[in-house]
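Hello,

Here is the structure I promised to send over.

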Amino acid sequence: MTVSVFIGTSLDGFIARPNGGLDFLPPDGGEPHGYSEFIASVDAIVIGRKTFETVLAMSPWPYGKKRVVVLSSNPLDLSAAIGGAVEQMSGSPAEIVS
């Protein structure tokens with residue numbers, strides 16, 4: 001199994017502003033940077049709870065029918081991911097990958 005990471009970061013190395021904002025990312029992804037090719041090459045996506053909550057505000061669900069695993073130790077309402085194949089897990093990285 002191959003495990004890869006693709007992440008958008010600001011120039012100062014953050015993945016979100018202190019308030020959770022992602023406004024430093026260009027609208028519509030900006031110039032080509034390989035995301036479309038990357039996402040087409042993966043079988044599953046693993047995201048955290050805060051990312052899940054942010055993505056829920058996007059319409060339509062951006063991951064289509066691709067399997068999405070949300071990491072959280074607290075109960076989540078996954079039904080809001082309309083049309084998505086979403087499940088919740090918690091545990092160590094080794095447990096999640098297996």
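Of the 98 residues in this protein, 19% count as buried, meaning under 20% relative accessible area, with exposed over 50% and partly exposed in between (1.4 Å probe, protein chains only). Please keep in mind that this is a predicted model, where local features need pLDDT of at least 70, side-chain atom pairs count only at pLDDT 80 or more, and totals for chains, interfaces and linings use all residues. Residues are numbered from 1 along each chain as its sequence is written, and side-chain values use heavy atoms, leaving out hydrogens and water.

Now the fold. There are three helices and three strands, in the order α-β-α-β-β-α along the sequence; these are DSSP runs numbered from the N terminus (helices H or I, at least four residues; strands E, at least two).

What sits inside? The largest nonpolar core has 14 residues, and Ile45, Phe52, Trp61, Val68, Val70 and Val86 have the most contacts inside it. Such a core is a set of buried Ala, Val, Leu, Ile, Met, Phe, Trp, Tyr and Cys residues joined through side-chain atoms within 4.5 Å. Helix H1 (35–41), strand E1 (44–48), helix H2 (49–56) and strand E2 (67–71) each give two or more residues to this core.

Finally, the C-alpha atoms fill a box of roughly 35 × 30 × 25 Å, taken along the principal axes.

Best wishes
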